Amino acid sequence: MKADQKVEAPSGGGSKKLIIIILAVVLVLGAAGGGAAWFFLHGKADAEEHDEAPAKKKKAKKPAGPAIYEPVEPFTVNLQPGESGADQYLQVAFSLQLPDAETQEEVKKNMAKVRSRVLLLLSAKHASDINTPEGKVQLAKDIIATLKEPFEDRGSPQDIEDVLFTSFIIQ
């Protein structure tokens, strides 16, 4: 009987080792599958973010060349009524300072959207808001913020460096 017990003990231990090996293989395969799933779901988005960061750095490292200006045709808009309630008008012309020719082409291609956005922004202003030098500086910042928004859904924002007024008449 002692011999029978010895024979059965190793076979019982062997089955435990087999179960442990199977569990280890299942865990390794599960971890590998989870890692692969994460890579395919998140790896591409992370890679795109990492690819964009060097591209932005490259733009910043470009040698400074002559500035690129894109003139915008003059606007004449009705301003919001002042305290007296009288109608007031703004006639303004400006140029956009852009970082590169690619951005200039994008702005030219979407000039109708540029004009529409600026028109909506200007028509919401009061003459008293934009009559002072500080008001004009703030208006330029508002125009930049409005035009930096992407022209297309999920598109990349434009890089507008400055707005330079060439004519500014309030009546």
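Visitor: Let me start with Arg154: is this residue buried or exposed?

Guide: Keep in mind that this is a predicted model. Arg154 has a relative accessible area of 88%, and because exposed means over 50%, Arg154 counts as exposed. Arg154 sits in the loop between α5 and β3.

Visitor: What is the phi of Arg154?

Guide: Arg154 has a positive phi of about 60°, although Arg154 is not a glycine.

Visitor: Now the whole chain, please. How many helices and strands does the protein have?

Guide: The protein has five helices and three strands. Reading from the N terminus, the elements run α-β-β-α-α-α-α-β.

Visitor: How much of the protein counts as buried?

Guide: Of its 171 residues, 24% count as buried. The protein exposes about 12300 Å², with carbon and sulfur atoms supplying 59% of that area.

Visitor: What share of the contacts comes from residues 24 or more positions apart?

Guide: If we take the contacts with a separation of 6 or more, residues 24 or more positions apart account for 70% of them. Ile68 gives a case to look at: Ile68 belongs to strand β1, which covers residues 68-78. Beyond its neighbours within four places in sequence, Ile68 is in contact with several residues, including Leu96, Leu98, Pro99 and Gln104.

Visitor: How should I read a salt bridge?

Guide: The general idea is that side chains of opposite charge can pair when their charged atoms come close. In this structure, a search of the whole model finds three salt bridges.

Visitor: Where do Glu106 and Lys109 lie?

Guide: Both are in helix α2, three residues apart, about one turn of the helix. Glu106 is partly exposed at 27% relative accessible area, while Lys109 counts as exposed at 62%.

Visitor: Which residue forms a salt bridge with Glu152?

Guide: Glu152 pairs with Lys113, and their closest N and O atoms are 3.4 Å apart. Glu152 lies in the loop between α5 and β3 and Lys113 in helix α3, so this pair ties together parts that are 39 residues apart in sequence. Glu152 is partly exposed, with 46% relative accessibility, and Lys113 is partly exposed too, with 32%.

Visitor: And Lys125 with Asp142: are both buried or exposed?

Guide: Both Lys125 and Asp142 are buried. Their side chains meet in a salt bridge of 2.9 Å, N to O. Lys125 is in the loop between α3 and α4, whereas Asp142 is in helix α5, so the pair ties together parts that are 17 residues apart in sequence.

Visitor: Which side chain makes a polar contact with the side chain of Thr103?

Guide: That is the side chain of Asp100, at 2.6 Å. Thr103 is in helix α2, residues 101-109. Thr103 has a relative accessible area of 10%, and because buried means under 20%, Thr103 counts as buried. Not counting residues up to four places away in sequence, Thr103 touches Leu98 and Asp159.

Visitor: How do I read a nonpolar core?

Guide: In soluble globular proteins, nonpolar side chains tend to be buried together. Here the largest nonpolar core has 25 residues, and the members that touch the most others are Phe75, Phe94, Leu96, Leu122 and Ile143. The elements giving two or more residues to this core are β1, β2, α3, α4 and α5.

Visitor: What is Phe94 in contact with?

Guide: Leaving aside neighbours within four places in sequence, the contacts of Phe94 include Phe75, Val118, Ile143, Val163 and Phe165.

Visitor: What span should α5 have, and how far apart are its end C-alpha atoms?

Guide: At 1.5 Å a residue, the 16 residues of α5 should span 22 Å; the end C-alpha atoms are 23 Å apart, which agrees.

Visitor: Which residues of α5 are buried, and what covers them?

Guide: The buried residues of α5 are Gly135, Leu139, Ala140, Asp142, Ile143, Ile144, Thr146 and Leu147. Their cover includes β2, α3, α4 and β3. You have met two of these residues already: Asp142 in the salt bridge with Lys125, and Ile143 in the largest nonpolar core.

Conventions:
Residues are numbered from 1 along each chain as its sequence is written. This is a predicted model: local features need pLDDT of at least 70, side-chain atom pairs count only at pLDDT 80 or more; totals for chains, interfaces and linings use all residues. Side-chain values use heavy atoms; hydrogens and water are left out. Helices (H or I, at least four residues) and strands (E, at least two) are DSSP runs, numbered from the N terminus. Contact means heavy atoms within 4.5 Å. Buried means under 20% relative accessible area, exposed over 50%, partly exposed in between (1.4 Å probe, protein chains only). A polar contact is a pair of N or O atoms within 3.5 Å; within protein, one must be able to donate a hydrogen and the other to accept it, and residues adjacent in sequence count only if both atoms are side-chain atoms. A salt bridge is a side-chain nitrogen of Lys or Arg within 4 Å of a carboxyl oxygen of Asp or Glu. A nonpolar core is a set of buried Ala, Val, Leu, Ile, Met, Phe, Trp, Tyr and Cys residues joined through side-chain atoms within 4.5 Å. The expected span of a helix is 1.5 Å times one less than its number of residues. Accessible areas come from the Shrake-Rupley method with a 1.4 Å probe; for residues, only the protein chains shown count as cover.
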